[in-house]
Amino acid sequence: MSMLVARDLTVSATLDGERVPVINDLSFALQPGKVLGLVGESGAGKSMVGRTVAQLLPQNFAVTGGSLSFAGADLVTMDPEARRALLGREIAFIPQEPLSALNPVLTIGRQFDEHLARIGVASRDRRERMLAAFDAVHLQRGADLLARYPHQLSGGMCQRVLIAIAFASKPKLVIADEPTTALDVTIQARIVRLIAEMQERDDTAVMFITHDLRLAAQVCDDILVLYAGRASEYGPARKVFATPGHPYTRCLQLANPAMRARRALYALPERMPGLRAYRDIAGCAFAPRCPLVIEDCRRAPPPLVEVGAGHQAACIRAALAAGISAAAEAPGAEPAADATILEVSGLTKHFTSRSLCRRTHFTAVKDVGFVLRQNEFVGIVGESGSGKSTLARVIVGLETASEGRITIAAKPMDGSAEADAHRRRHVQMVFQDPQSALNPRRRVASIVTQPLEVAGQSWEARLARAGLLLREIGLPPEAATRFPAQLSGGQRQRVNIARALCAVPRILIADEIVSGLDVSVQAQLLNLLAALRRERGFSMLFISHDLSVVRYLCDRVLVMYRGGVVESGPTEQVFAAPAHEYTRTLLAAVPPDDPAEVWLSFRSHA
Amino acid sequence: MNTWPAWLRSGRVLLGLGIVALVALIALFAPLLAPNDPNEQNLISTFLPPAWAKGGETVFPLGTDSLGRCVLSRLIYGARIAMTVALVASFGAMLIGAVLAHVAGYFGGWVDWLIGRTVDVWMSFPPVILSLILMVGLGTGLRNVILAIVLVDWTRFCRVLRAEVLVVTRRDYVAAARLIGFSHWRTVTREILPATMPLLITLLSLEMGIAVIVEAILSFVGMSVGATTPAWGQMIADARQYIYDSPWNLVFPILLIFITVLGFNVLGDGLRRTLDVRLTETKRA
């Protein structure tokens, strides 16, 4: 019998007094011991499904149609008291942000104890249960852990604690809402494996919500792809991945850079309609972005039809979907001219933290040296805390180096005003978080032409320049008069790039500029960077924790670990034959392109 | 209506602004509004009740005090002192406090340490005692009252604003401005100041209310403007001695101080609600 069955489930939101369906006629079934993946970009409604099951819907949202039954009982019509009793006991939830899910002022032990008390474990057994649960998620020294506060643990450890708590009641269903998005790749791999292990031990059904199709293909038995609150494809993970029946699934696949072979990215144009636009959609919601669109697509929403054994897709041209391929050519590894533009040698950066009676030194960057040539893209990869960002800040001059030399375009950076001016002419930085990097009180035109403000140029000259820059980075001209808050995340990041380009730098330093963006937006930005490089010719230091992105964009790669460079070389070579143990660990943590490959000794789906 | 800035559409702001504007207009046109010379003594008709009470005279709408001076006229002229002090003193305090706050928050390091500790020491004096000591040293007079309030209250601006400057300075757009080649001056005035301005304006309107009270306290103990200039605190001090003979004389100045300070506070609260980006942002989310 199925553990969780949704039939024509519809969830509506009340926005400004109007009722808008957010989830439309969704049907799926989840068997005990199986993993169902909900995949889609942000705004597709995947978290909303998870929240509906876990009864965590926001105030103005409600189930308005269909049924959702858990172990035979309908969750929608069930008495609220009985439903509440199921939560935590039979249905558990693993949240996206482990740190904000734990109460910062209570110890781990106290929070776990409260949970056990709620699910009815006798107080004399609780300690033992907690230690056993920590043991199961491979958390060492569980007894110490009980007395710790959440901020004393790393993000990965917090997530393990939450997994331990979720599985402590031996639930029948666990909902994992992007459980690894906020974590490093190596930790992501461990957490995913852990969830799989726990799930196999208790034969739990898991609903795994993720934006990463490749990860879902590895972890899940079935995949449900959502677009604008509707199911666009549903079927066994392997089949969905191998022969996608919906153009959206195929486009998501092509937007994700491959780890093995370098191929072009397919960048979906535009973006998903917002909630308020849902009711105006007459035909297929994906039609405006679909490469296969025909007139019939715009008439009526396509029904979910069988395209293979147990494999359904909501597309009238399903047979053609798997054949879509990216049109744009891959950014060929353009031979970098042999002129060195940036040279770093022996770079070290210490931080000193001073408390009342003690000074502690911390070395963020340790003896780093490398060369960046003209028109060359170099990637810097490593986990958080490996010193990537500090290195970038030292190179652009936001921090001063403790030791070592930086030479930019044949001029050593000696801290003189002249050297600083030289550096500003040659190097610009694109910051990670456009929310913080764009002044919310300036209009886009004013932001992108900030360098001209220093030169004292007239507003007319700046507007003209802003127009050119906006065209170059692919924003409509009317964006010039908008404020950053009126733009989408991807558009903001484009503005962020445009500002750095305004001064026509020869070196661009990009710190995690595509992380946290949807895969289609990420593909758009990566293609934009590749195009800008062809047209303008500049060098770039591209810092990222995402190896596949670096693989796609960069000619050479530096691998950083604990402040030092442990390996460097041409991207292809480093990725094909990693020399250092740490590089191998990093590479192994990325889910492979082909779900048939064995990853982290995951059980095969056969 | 919709073209008005948001802060002008808030009921609190309009109410506060209305009260403050009313008192300011009274102060501005005092010679036209006052029925009598505020300092003219009329020893035959002392302690007259308001005109509507039994024994009141229409010449003195709110009665007279112990020396037979017109209470209404004194109140109207007293508004001049109160408003001058409120506006000038709070602007002065804001100027010193804001400049030091931006310097401390933006540059950090030892500058921040020095300014922070100065504020700490400064604030450990009870403010009223400190201003009294200052007045003893400086001597009475309108200019010295303002100076005393400025020297006492700049710390309030400095401490609150510094924290805000610190938060804004950590934003990446400030770092980006520096990388583009903005000078320190331009970075602070173009990138940081616009972000701290709402808080600054809010603090300013609250400080005006405080300045009115401090001036009233100082003139109550006779340490403000000289005895020949009517001030609300002075009127309270005079009336206090004859509280059983003529309670009216005590009620009116207290009521006026209350209304004026309420006006500034309501205005400040309204501005905080409408200008504070964080509050409006959470509402939108």
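Strand β21 (residues 556–561) of chain A runs antiparallel to β22(A), and six bridges join the two. A:Tyr561 stands opposite A:Gly564 in β22(A). This is a predicted model: local features need pLDDT of at least 70, side-chain atom pairs count only at pLDDT 80 or more, and totals for chains, interfaces and linings use all residues. Residues are numbered from 1 along each chain as its sequence is written, while chains are lettered from A and ligands numbered from 1 in the order in which they are written.

**The six-stranded sheet of chain A**

- The strand order is β18-β19-β20-β15-β21-β22 (chain A), in an open sheet with mixed pairing.
- β18 (427–430) and β22 (564–570) of chain A are the edge strands; each has a single partner strand, so one side of each lacks a neighbour in the sheet.
- On average, neighbouring strands of this sheet are turned by 15° against each other, direction ignored.
- Helix α13 (residues 388–396) of chain A packs on the sheet and touches β15 (377–381), β18, β19 (507–511), β20 (539–544) and β21 of chain A.
- The direction of α13 makes about 150° with that of β19(A).
- Terms: strands pair if DSSP finds at least two bridges between them; helices (H or I, at least four residues) and strands (E, at least two) are DSSP runs, numbered from the N terminus.

- Strand β13 (residues 340–354) of chain A is joined to strand β16 (residues 403–408) of chain A by five bridges, running antiparallel.
- A:Leu342 stands opposite A:Ile408 in β16(A).
- A:Ile408 also stands opposite A:Lys411 in β17(A).
- β16(A) and β17(A) form a hairpin with two residues between them.
- In the turn, A:Ala409 has a positive phi of about 45°.

**A helix pair in chain B**

- Helix α1 (residues 11–28) and helix α10 (residues 248–275) of chain B pack at about 145°, with axes 7 Å apart.
- Axes are lines fitted to C-alpha atoms, for helices over the stretch in contact; angles run from 0 to 180 degrees between N-to-C directions.

**Where chain B meets chain A**

- 13 residues of chain B are in contact (C-beta atoms, placed from the backbone, within 7 Å) with 17 residues of chain A.
- α7 (172–180) and α8 (184–220) of chain B are the elements giving two or more residues to the side of chain B that touches chain A.
- α7(B) gives the most to that side, with seven residues.

Note on methods: Contact = placed C-beta atoms within 7 Å.
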